[in-house]
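Trainee: I am new to this one and would like a guided look. May I ask questions as we go?
Mentor: Please do; here it is.
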Amino acid sequence: MNYMTPIRLNNKGAELLSQGRAREARVLIAKALNLTKLITVEKWKLPMDNARNDKCPAVEYLWLERVSLSTLPHTFIYRRPIQIIENPEFADRRSLAAHFTTAIIFNVSLAFHIEGLQSSRLLHKAMHGYRIALGLRKHKRRTKSTVLDMALLNNMASIYEEQSDYSGAQRYFMNLVLVMKHQDKDELDSIDVDGFTDSAMW
């Protein structure tokens, strides 16, 4: 398999999502995810040799402009899609997919989440994807938390709140508070800092 194909599909989908074209984006990003053949946690085989810290040598994440919403939800949603930048010096092509799959899952989940604000039946698909991505994150050895961890926890809590499951929302918001204690705020702009802070005070 050409490993650049899912990366290109994801990046184009992320660009569409950033423009507010969630449905079109979801189609492309879902194709990218299918190409990785790493759709479920049960199939996941993490190459731990290449996951020693947060600064993955295989890829870097580029967070795009946040998706504009005509109607803001009750709680903050982290809505910046991720584009994937491959490190051309990373030699292990077989394990490369392991490093970008979580970003792709986040993007397709975010697309479902955005659409779900208008059609709530899609929110469970967003939650399912976020849950898988968070599970993959927990399998990584890392020295600090990342924006992606915060985004996953925050957005899962937001869905619970949207569905009036306040105990579920509280559980993930509390986890967000713990993660934020170890996050470098310089990686976030003022809007996202305020959004995460408001969530942590929920």
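Trainee: To begin, how are helix 6 and helix 7 oriented to each other?
Mentor: This is a predicted model. In it, helix 6 and helix 7 are oblique to each other. Helix 6 covers residues 166-180 and helix 7 covers residues 190-200, and the two pack at an angle of about 130 degrees.
Trainee: Why is 130 degrees called oblique?
Mentor: Roughly perpendicular runs from 65 to 115 degrees and roughly antiparallel begins over 145. The angle here is about 130 degrees, so helix 6 and helix 7 count as oblique.
Trainee: What is the distance between the axes of helix 6 and helix 7?
Mentor: Their axes are 8 Å apart.
Trainee: Is the crossing of helix 6 and helix 7 left-handed or right-handed?
Mentor: The crossing of these two helices is left-handed.
Trainee: Which residues meet there?
Mentor: Helix 6 contributes Phe173, Leu176, Val177 and Met180, and these meet Phe196, Thr197, Ser199 and Ala200 of helix 7. By type, the contact of helix 6 with helix 7 has 6 nonpolar residues, 2 polar ones and no charged ones.
Trainee: Switching to rings: how many aromatic pairs does the structure hold?
Mentor: There are 6 aromatic pairs. One of them joins Trp63 and Tyr78, with ring centres 5.3 Å apart and planes at 80 degrees, so this pair is edge-to-face.
Trainee: Where do Trp63 and Tyr78 lie?
Mentor: Trp63 is in strand 1 (residues 59-63), while Tyr78 is in the loop between strand 1 and strand 2 (82-86). The pair therefore ties together parts that are 15 residues apart in sequence.
Trainee: Are those two buried or exposed?
Mentor: Trp63 is partly exposed, at 22% relative accessibility. Tyr78 is buried, with a relative accessible area of 2%.
Trainee: Which residues form the aromatic cluster?
Mentor: One aromatic cluster is formed by Trp63, Phe76, Tyr78, Phe106, Tyr130 and Phe196.
Trainee: New topic: where is Ala126, and what does it touch?
Mentor: Ala126 is in helix 4 (residues 123-138) and is buried, at 0% relative accessibility. Leaving aside residues up to four places away in sequence, Ala126 touches Ser109, Phe112, His113 and Ile159.
Trainee: What about Ser164; where is it, and what is its phi?
Mentor: Ser164 sits in the loop between helix 5 (147-162) and helix 6. Although Ser164 is not a glycine, its phi is positive, at about 65 degrees. The residue is partly exposed, with a relative accessible area of 47%.

Note on methods: Residues numbered from 1 in each chain as written. Predicted model: local features only at pLDDT ≥ 70, side-chain atom pairs only at ≥ 80, totals over all residues. Heavy atoms only, no water. Axes fitted to C-alpha atoms, helices over the stretch in contact; angles between N-to-C directions. Helix = DSSP H or I, 4+ residues; strand = E, 2+ residues; numbered from the N terminus. Parallel < 35°, antiparallel > 145°, perpendicular 65-115°, else oblique. Left-handed = near helix turned anticlockwise from the far one by under 90°. Contact = heavy atoms within 4.5 Å. Nonpolar A, V, L, I, M, F, W, Y, C, P; charged D, E, K, R; others polar. Phe/Tyr/Trp six-rings, centres within 6.5 Å; stacked < 30°, edge-to-face > 60°. Buried < 20%, exposed > 50% of the residue type's maximum accessible area, 1.4 Å probe, protein only.
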